[in-house]
Amino acid sequence: MQTISMQPKYVDPRTVIIKEHVNKGEMVHFEYFRDEEFWYRTDKGLLFPISLKEALSGRATFLAHDKAIYFMRWIQRYVTACKQEAAETDAATVVG
């Protein structure tokens, strides 16, 4: 009997097209809680955090499995931050 890995492949947040991860029918799944952050993974494999402080500040409900479109705010924020960090690192490399 052959075993099949169910673990989605790693998706680099710096190269992500957000639309692919939040299309109709795409889901997010809770992975773990660490360092005051909830970590979720999209069906396509993007892992992203939601801070505990932000979760406590509103009335949102964070389910173990939910529609990805509901999490677009956090996905977009994380992808943008990763792309900005990469750009700053590249700029520092060119200057230094």
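This talk describes the sheet, the core, the aromatic rings and the salt bridges of one predicted model.

Good morning. I shall begin with the sheet. The model contains an open sheet of four strands. Their order is β3-β2-β1-β4, and the pairing is antiparallel. Which strands form the edges? They are β3, residues 47-51, and β4, residues 65-67, each of which pairs on one side only. Averaged over the sheet, with direction ignored, neighbouring strands are turned by 35° against each other.

Let us look at two of the pairings. Strand β1 covers residues 27-34 and is joined to β4 by three bridges, the two strands running antiparallel. Within this pairing, Val 28 has Asp 66 of β4 as its bridge partner. Strands β2 and β3 also run antiparallel, and five bridges join them. Here Phe 38 has Ile 50 of β3 as its bridge partner. These two strands, β2 and β3, form a hairpin, with four residues between them. In the turn, Gly 45 has a positive phi of about 110°.

I turn now to the nonpolar core. In soluble globular proteins, nonpolar side chains tend to be buried together. In this model the largest nonpolar core has 16 residues. Which of its members touch the most others? They are Tyr 40, Phe 48, Ile 50, Phe 71 and Ile 75. Helix α3 provides the largest share, three residues.

What does Phe 71 contact once its neighbours within four places in sequence are left aside? The list consists of Val 28, Tyr 40, Phe 48, Phe 62, Ile 50 and Asp 66.

The next topic is the aromatic rings. The structure holds twelve aromatic pairs. I shall describe two that share Tyr 40. In one of them, the ring centres of Phe 30 and Tyr 40 are 5.7 Å apart and the planes stand at 70°; the pair is therefore edge-to-face. Phe 30 belongs to strand β1 and Tyr 40 to strand β2, so this pair links distant parts of the chain, ten residues apart. Are these two residues buried or exposed? Phe 30 is partly exposed, with a relative accessible area of 33%, whereas Tyr 40 is buried, with a value of 1%.

The other pair joins Tyr 40 to Phe 71. Their ring centres lie 4.9 Å apart with the planes at 45°, so this pair is tilted. Tyr 40 in strand β2 and Phe 71 in the loop between β4 and α3 are 31 residues apart, and the pair again links distant parts of the chain. Both residues belong to one aromatic cluster, whose members are Phe 30, Phe 33, Phe 38, Tyr 40, Phe 48, Phe 62, Phe 71 and Trp 74.

Finally, I come to the salt bridges. How many are there? The count comes to four, and I shall present three of them.

Glu 31 and Arg 41 meet through their side chains, at 3.6 Å from N to O. Glu 31 lies in strand β1 and Arg 41 in strand β2, residues 37-42, so the pair ties together parts that are ten residues apart in sequence. Glu 31 is partly exposed, at a relative accessible area of 34%, while Arg 41 is buried, at 11%.

Arg 77 forms a salt bridge with Glu 54, and their closest N and O atoms are 2.7 Å apart. This pair links helix α3, residues 72-95, which holds Arg 77, to helix α2, residues 52-57, which holds Glu 54; the two residues are 23 residues apart. Both are partly exposed: Arg 77 has a relative accessible area of 42%, and Glu 54 has one of 25%.

The side chains of Arg 34 and Asp 35 also meet in a salt bridge, at 3.8 Å from N to O. Both Arg 34 and Asp 35 are exposed.

To close, I return to Tyr 40. Tyr 40 is buried, is among the core residues that touch the most other members, and belongs to the aromatic cluster. Thank you for your attention.

Notes: Residues are numbered from 1 along each chain as its sequence is written. This is a predicted model: local features need pLDDT of at least 70, side-chain atom pairs count only at pLDDT 80 or more; totals for chains, interfaces and linings use all residues. Side-chain values use heavy atoms; hydrogens and water are left out. Two strands pair if DSSP finds at least two bridges between them. Axes are lines fitted to C-alpha atoms, for helices over the stretch in contact, and angles run from 0 to 180 degrees between N-to-C directions. Buried means under 20% relative accessible area, exposed over 50%, partly exposed in between (1.4 Å probe, protein chains only). A nonpolar core is a set of buried Ala, Val, Leu, Ile, Met, Phe, Trp, Tyr and Cys residues joined through side-chain atoms within 4.5 Å. Contact means heavy atoms within 4.5 Å. Rings of Phe, Tyr and Trp (its six-membered ring) pair if their centres lie within 6.5 Å; planes under 30 degrees apart count as stacked, over 60 as edge-to-face and the rest as tilted.
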